[in-house]
Amino acid sequence: MDAPASDRNKGPILEQLQQNNLFVDDSSSPVTTLEVAAGAGVHSVYLTESLKSSGFNLSSWLPTDPDELSRASIDARVAASSDNAVGQIVKPALPLTLGPNGAKEAIWRAEPLSTSTYDLIYNVNMIHISPWSATAGLMEFSGRRLNEGGALVIYGPFILNGEMVQSNVAFDESLRAKNPAWRIRNLEDVTAKAESNGLTLTAVIDMPANNKMVVFKRAPRQEDN
């Protein structure tokens, strides 16, 4: 499965992850990762190979996608990787469909997934091509599944302070024409939903093609205080 957008943005995303310690304070600390809406699996393989080779201690990377063909593509890319570590780190892709109350699939409510937690939840180019309930579900899921201090890293176009660049205005119109539930989201709305689930906005980074990388960190839970 081809994924030209993923091929274009994988390099700039890697650069930010490497340079800014967006998801871990110490690159030697073991990191468990869940990728939401992994698509064809381009980032699953590329980021695992690249972050591992640059010294990040990725202990596991679990790609997920609601689409069966996408999951097959992910597994095929992992199998085709020339880096043996990728096959050890990247787990077989699992279905994950997000609704307002988190994961819809029953497997996420059964052991061992029902109690699994992560240091990084990674989500690229999903929020604008899914209904708002998926964003709400992402925040609910991340609030429950991130370890204290863990990061939710999302990437895509956003409205900031009620404004969009002209190219994104046209893109937003095209999204709504395809599906009335799709649109470029207001970052303030996304942040409010994140905060209601115990997440704190820590970074908004300008990226190519008028995209943003947005990072939320998991605040200490009430029972942890």
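**Entry 1: terms and ground rules**

On a 1 Å grid over the protein atoms alone, a pocket is an open set of points with protein on both sides within 12 Å along at least five of seven lines, and its lining residues have an atom within 4 Å of a point. I noted that this is a predicted model, where local features need pLDDT of at least 70, side-chain atom pairs count only at pLDDT 80 or more, and totals for chains, interfaces and linings use all residues. Residues are numbered from 1 along each chain as its sequence is written, and side-chain values use heavy atoms, with hydrogens and water left out.

**Entry 2: the second largest pocket**

I began with the second largest pocket, which holds about 160 Å³ of space; a volume here is the space filled by probe spheres set on the grid points, joined across faces, edges and corners. Its lining includes Phe158, Leu160, Asp206 and Lys212. Strands β9 (199-207) and β10 (211-218) each give at least two lining residues; strands are DSSP runs of E with at least two residues, helices are runs of H or I with at least four, and both are numbered from the N terminus. I sorted the lining into five nonpolar, three polar and three charged residues. For this, Ala, Val, Leu, Ile, Met, Phe, Trp, Tyr, Cys and Pro count as nonpolar, Asp, Glu, Lys and Arg as charged, and the others, Gly among them, as polar.

**Entry 3: the largest pocket**

Next I looked up the largest pocket, with about 740 Å³ of space. It has 31 lining residues, and Ala5, Ser6, Asn9, Val124 and Asn125 are the closest to its centre. Which element gives the largest share of this lining? I found that α1 does, with five residues. By class, I noted 18 nonpolar, ten polar and three charged residues.

**Entry 4: a cavity**

I then searched for cavities (sets of points where a 1.4 Å probe fits but cannot get out). The whole structure has one of 30 Å³ or more. Among the residues lining the largest cavity are Asn123, His128, Tyr155 and Phe158. Five of the lining residues are nonpolar, four are polar and none is charged.

**Entry 5: Glu35**

Last, I visited Glu35 in strand β1. Glu35 is buried (under 20% relative accessible area, with a 1.4 Å probe and protein chains only). It has no salt bridge (a side-chain nitrogen of Lys or Arg within 4 Å of a carboxyl oxygen of Asp or Glu). Arg77, the nearest side chain of opposite charge, is 10 Å away. Beyond its neighbours within four places in sequence, Glu35 has contacts including His43, Trp61 and Tyr122, where contact means heavy atoms within 4.5 Å.

Notes: Buried means under 20% relative accessible area, exposed over 50%, partly exposed in between (1.4 Å probe, protein chains only). Lys and Arg count as positive and Asp and Glu as negative; His and the chain ends are not counted.
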